[in-house]
Amino acid sequence: MSSFSVTFRTTPAAQILDLSGELDAHTAQDLEVAIQTSLSNGKFALVINGANLRYISSAGLGVFMAFVEEIRENGGDIKIVALQPQVYDTFDLLGFPHLFDVLPTIEEAEAKFMAGELRH
Amino acid sequence: MGFRSLSPRTQQIVLGLSAGVLFACTVVHHIHLEVWGGWNVRWREVLTELAVAATFGLVYQLLSDHFQQRKSGPIRALWSLSLVMLGIVFLSALFGLHYEKGMWFFTHKIPDRTIPGVLVICGMAFLQGTGGAFLLVQLRELVLFKRTAVTVRNWYMLLWSLAGTFGAVVLVKLIPIPYVVEFAIVFAGATIIINVFRLSWVAYLPFRQKLIGLVVSLIMLLVLFAAFSEAVPMRKWSFIIWEADPFVAQYSFALNLTLTLTLILGILYSVTTLLSLIFHLPTSGDFQRKTDDLAAMRALTQMVGQVFDAQHLPNLVLESVRQFVGEEQMAWLALSDARTGTLRPQVAAMTGISESQLTQWVDSEAFYAELQARREPLILNHAVRDHRIHTPGYEIGSLAMMPLVTRNEVIGALFVGKTLADGFDEDDAKSLGAFADQVALAIDNARLFEERIEKERLGRELAIAREVQKRLLPDKLPEIPGASLFASYEFAHEVGGDYFDFVQADVNRYSFIIGDVSGKGTSAAFYMAALKGTYHALARSDADPQTLLLKANEALSVQKEKNIFITAIAGLLDTSTETLTMIRAGHSPAIHIDLHGHVRHLREGGLGLGLTNSKILAKTFVPITLPLRPGDVFVLYTDGVIESRNAMGASYGYERLTEALKKCRQEDARGIHAALLADLNRFTGDLRYFDDLTLIVLKWHGKSVRTHM
């Protein structure tokens, strides 16, 4: 029914997770596994690229909450970038911009990581 | 009706009777000729020879039919052959050795030309002819073991060449053509040589049977040799066997020659059998192991069908592995844990090696990575030299690693180690690879089975959760003077975590809340219950929405899974001041529409509950206070409404909800509610709701008007 996929990219500044499709209660586990894998590999500077993410449900949002504490304790951060308007709206309604760096482009997130700024 | 359509029993009787009658004819011929000195003409002699040929042809057919029906193994065939031939040699010896002096139990020689003499000659000939037929029938079973078109053809060539030799002898009696018989003999010899190398049954015998076969074929060789030297007395031996067994030769010269050839076939076959068995003895271990491999594989395949216990499967697998490689070796099985979602396999079972040895000696991570990439078995025949093996001595000489791949995913790996270097050859790699495929299948099956069980368990849990949820919802809404109110809760096929409640705080003030837990099932129901507890404790005493939400946030933070949060809107309706106060905590914004159709989405507000501590949360809260005017309608809902989809996959969305609301805003709360739900149902069609769906409509009619809800 709903399709979702995550692919990894590693840049000098961060580990980039490109999400595409629909992130809901059924596909949330895929993202969990992906983030867990990044953390196991010692990568704590994560950029979530939502350019191809069409939909996110509250269970999908919960995935970020599940990991953010551990990531920040390890000196890293999750930065969420390039969200489509309707997905941004879901983030915004929940108040996620209060908790996460939600940025327009990957480059801005990378620049922030390079500058050593982990939390905004 | 043909002969073959008769019952086997009748066929046997017919064949036996025909053979008997034909044989009797030949006996009569001999008595008439020898004893009574009857007239002898060439055509009569030829006719008799043809009768002899037919007799033993029929005997061969009779025996062949008989043994076709009850096949025995190759060793049994060798045995019965040896025993029968031994009997014939013994009987021949009783009479034959003393032929010239007479039979040993007669004191004097029986003259040839008497009736008893002729009867003995014919009887012995019959015995030996039948023995030859028996030899052919038994050898056929051996030669045609694992038959192919070519071996069958060669066998029939042999039979025809024997018959041809017989025919050649008869032919030269009619027309003396030189070298016809010699040619026939050479041809028969060639077909004999072709057939004596058909020994495919030898390789399939286990070691013990080969030993037995060796002894039996040796006995057979001796017996046949005795029969041969009896049939062809050495002192009369010459290159071409014109003067042969005195009995049979007197009975029929052609039969004597054919029998001699048959005996030569038997002797040569015994020799090749003997040699082949000797040469195959050392390899029988390998053949045995192949058979054991197959047995282990079959056992595992059965296990795939039977064992659905993922906990015990790894140990059972290693049990089977031991059948492959022997007890003294080591093996371990690593599996990724599907439940925790870690991709790194964990050792699930081991044998012949301890866990601490394993961690010290083997760099499992590196091997997993390689297997993950290769997806093919990896054999280290000099494990000590590999940089990923750190044994203190030569504990692991060779190591075979097989990735377990199912549904295109590597779910683990099977490791088999031997203390010897070069412990695995290509055959081992192949069978272990095939074995690993079966293991992967077995584990996948067991996991699917467990998942299924888990699902059923969850199904029951959901049923309980739904029951709890129903009880958490208000069974009655308050009657608010000047307002109408209607609320509904639609259950989805999975339990969501929607919650709403109304409490009359005091005479003029009515508190309400709507919430949605970000999760489903029992945990969602649990947080709903927690929210309801907090809400009811506070709503009556301190109905201030902000305090209420902050307290709920604190209550939730105590024991909450990190990825769970609750979105909510808390509000307070004051009928005396005609105001509505609301705070939105991450929830889908309430919609306000006034009498004139002006719509406002009340987006002001902050974070959901359970995302952060109350101090930060409080900063994000923006209370909305609205003066109430008659005709004002407020719609509160959970995201199940907005996210409901139609068959095309499109979401219902805010705009459709707003448009529908504009059209029905004149109705009272119940009417508006019904119209909104109807519009939603028109949109989704037959599709069931994916998420729980809560819809609350509150309409302010004005202070003076009393309306029933």
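**Where chain A meets chain B**

I counted 6 residue pairs in polar contact between chain A and chain B, both residues at pLDDT 80 or more. A polar contact is a pair of N or O atoms within 3.5 Å; within protein, one must be able to donate a hydrogen and the other to accept it, and residues adjacent in sequence count only if both atoms are side-chain atoms. This is a predicted model, where local features need pLDDT of at least 70, side-chain atom pairs count only at pLDDT 80 or more, and totals for chains, interfaces and linings use all residues. Residues are numbered from 1 along each chain as its sequence is written, chains are lettered from A in the order in which they are written, and side-chain values use heavy atoms, with hydrogens and water left out.

I then looked up salt bridges (a side-chain nitrogen of Lys or Arg within 4 Å of a carboxyl oxygen of Asp or Glu). There are 3 between chain A and chain B. Glu22(A) and Arg645(B) form a salt bridge through their side chains, at 3.2 Å from N to O.

For contact (heavy atoms within 4.5 Å), I found 24 residues of chain A against 26 residues of chain B.

**Helix H21(B)**

Helices are DSSP runs of H or I, at least four residues, numbered from the N terminus. After H21(B) comes Gly685(B), with a positive phi near 70 degrees.

Technical notes: Helix = DSSP H or I, 4+ residues; strand = E, 2+ residues; numbered from the N terminus.
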